[in-house]
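Biologist: Before we begin, could we look at the model together and take it one question at a time?

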Amino acid sequence: MVKLTMIARVTDGLPLAEGLDDGRDVKDAEMYKQQVKALFKNLASGHNDASRMSVETGPYVFHYIIEGRVCYLTMCDRSYPKKLAFQYLEDLKNEFERVNGAQIETAARPYAFIKFDTFIQKTKKMYQDTRTQRNVAKLNDELYEVHQIMTRNVQEVLGVGEKLDQVSQMSSRLTSESRIYAEKARDLNRQALIRKWAPVAIVLGVVFLLFWVKTKLW
């Protein structure tokens, strides 16, 4: 069955639309949504060039297509036919381009096309039961082939981006640690100067005090 559906702009990973009631029957739904957002981020960074791909994650599979700088993604059970999943995405793509195509590049806020959820829900219902005459016909459609679409593991796909993030985090951590070290070094220098000159200052203070007392007595 189709579990999640999300649409995003590839150039910057901006989410454009989503199935609003998706994931209610999915354990750890938020974790999978975070994986989708990480995948969108990777696509925006140019880490994955494939325009069609299946990505295995736990008991599910992400299927996505990229057309016109937009990524259409769905998460399905592993047992759900790959062919139907991609035809479902094709239906979403065709309608989304028809209705919102002229506004995709200028969208400035997340989920600018949230009303597209109505079409997502209607179309998802048509694809849920794989045994309907309509879906059986689609499965038997020899003109639509998905055998050549690559299937990869989510750790493998997100690994490149995660490594880059780790490098970035390490760089930030080193910069922060260098700043802390410099501040500690300045504190130690100040303490060393105090220890070095404090006795001299005390002696001079005592001499000055004695001189002042002496002048007062005389």
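Biologist: Which residue in strand 5 is the bridge partner of valine 61?

Modeller: Please keep in mind that this is a predicted model, in which local features need pLDDT of at least 70, side-chain atom pairs count only at pLDDT 80 or more, and totals for chains, interfaces and linings use all residues. Residues are numbered from 1 along each chain as its sequence is written, and side-chain values use heavy atoms, with hydrogens and water left out. Strands are DSSP runs of E with at least two residues, helices are runs of H or I with at least four, and both are numbered from the N terminus. Strand 4 (residues 60-67) pairs with strand 5 in the antiparallel sense over 8 bridges, where pairing requires that DSSP finds at least two bridges between the strands, and in strand 5 the partner of valine 61 is cysteine 76.

Biologist: Which residue in the turn between strand 4 and strand 5 has a positive phi?

Modeller: The two strands form a hairpin with 2 residues between them. In that turn, a positive phi of about 55 degrees belongs to glycine 68.

Biologist: How many residues of strand 5 are buried?

Modeller: Buried means under 20% relative accessible area, exposed means over 50%, and partly exposed lies in between, using a 1.4 Å probe and protein chains only. Strand 5 (residues 70-77) also runs antiparallel to strand 1 (residues 2-9), to which 7 bridges join it, and leucine 4 has methionine 75 as its bridge partner there. Strand 5 is mostly covered, and the number of its residues that are buried is 8 of 8.

Biologist: Is glutamine 121 buried or exposed?

Modeller: Glutamine 121 lies in helix 3 (residues 117-128). Leaving aside residues up to four places away in sequence, glutamine 121 touches Gly19, Leu20, Asp21 and Asp22, where a contact means heavy atoms within 4.5 Å. Because its relative accessibility is 12%, glutamine 121 counts as buried.

Biologist: What does UniProt list for residues 193-213?

Modeller: Leucine 193 lies in helix 5 (residues 154-217), and over residues 193-213 the chain is 100% helix and 0% strand, with the end C-alpha atoms 29 Å apart. UniProt positions are given in the numbering used here, feature names are shortened, and annotations may be inferred rather than shown by experiment. The name given to residues 193-213 in the unreviewed UniProt entry is "transmembrane region".

Biologist: How many helices and strands are there in the chain?

Modeller: From the N terminus on, the elements run β-β-α-β-β-β-α-α-α-β-α. The count for the chain is 5 helices and 6 strands.
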